[in-house]
Amino acid sequence: MVSFRIVALGDIPTLTKLTSWKSKVFRIDGDIQHFQISADSDLEDWMYSDKLISRLAPSRGPEDILLVLTNVPLESNWYVRRIGDNRAVMTFHEMREILNDSNIPLSNLVLRVLYAYTLVFKRQGNQLQTTNEFSYAHDATKGCLFDMTGWKGDIKYSCHRPIICTSCSQRLREEKISEETIHGVSTEIGGIRKDLYFRMSDWVREQPVLAIAISSLAAILLGALGSLVASWIWSIWYPCPPAS
Ligand SMILES: [Zn+2]
């Protein structure tokens, strides 16, 4: 099981679901610890370089991977980067608006990164090479854990019921990742999804005729049920017909 510690660098949004998430392939050690950003950006457009983030973030402890969450733009305007010493940084910059527009909880993005890096850590021989050293993503958007999401808006496809696509599964097998791990991750990431209300509203949008038919049937059944209940109440209040 791969162990993570999560820290916040600067202000980050409130994350639900994260601490209560159960996984058999990774664990999160302790609560999120907060650190302040003590330097201005060192790149154009207020971006922070890997080098600077690496200096501002705390050192890794006994955990396998330290995940740093922040709100500032990262190098090349990526949303997640590996910065050395088994540390990675993920930003909510621009991602928060994209996910909010799609009614996807922000913690889904963090979970997606945790699962992806669990596999990347294992396939690299229990280490996390930097973003500049190793690429694991494919450019095509498939709703897969390993989508590059060159256009950030595509992140919504892999933050609601993400998958491990066929080619990535094959690549993981070639890199000696066990069937149990691949199957375990595939099963668990099926639970990364929108909240119930938004899943229902998505379904209504996709199946409008069926939704109208079901709601009409429900209205008829409720009407019939109401009539039966009224008859029953009437029979209790007036059990015998009045004598003539
Ligand atoms: Zn893939």
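Analyst: One term before the numbers: a contact means heavy atoms within 4.5 Å. Among contacts in the protein chain between residues at least 6 apart in sequence, 64% join residues at least 24 apart.

User: What kind of model is it, and which cut-offs apply?
Analyst: It is a predicted model, where local features need pLDDT of at least 70, side-chain atom pairs count only at pLDDT 80 or more, and totals for chains, interfaces and linings use all residues. Residues are numbered from 1 along each chain as its sequence is written, and side-chain values use heavy atoms, with hydrogens and water left out.

User: How many helices and strands in the protein chain?
Analyst: Seven helices and six strands. Both are DSSP runs, numbered from the N terminus: helices are H or I with at least four residues, strands E with at least two.

User: In what order do the elements run from the N terminus?
Analyst: β-β-β-α-β-β-β-α-α-α-α-α-α.

User: What about the radius of gyration?
Analyst: The protein chain has 25 Å, whereas a compact globule of 244 residues would be near 18 Å. The radius is taken over C-alpha atoms, and the globule rule is 2.2 Å times the number of residues to the power 0.38. Along its principal axes the C-alpha trace spans about 100 × 45 × 35 Å.

User: How much of the chain counts as buried?
Analyst: 44% of the 244 residues. Buried means under 20% relative accessible area, exposed over 50%, and partly exposed in between (1.4 Å probe, protein chains only).

User: Backbone next. Which phi does S76 have?
Analyst: A positive one, about 60°, although S76 is not a glycine. Most residues other than glycine have a negative phi.

User: Where is S76?
Analyst: In the loop between β4 (65-70) and β5 (80-84). S76 is partly exposed, with a relative accessible area of 48%.

User: And what is the phi of T149?
Analyst: Positive, about 50°, and T149 is not a glycine either. T149 sits in the loop between α3 (106-123) and α4 (166-174).

User: Is T149 buried or exposed?
Analyst: T149 counts as buried, because its relative accessibility is 5%.
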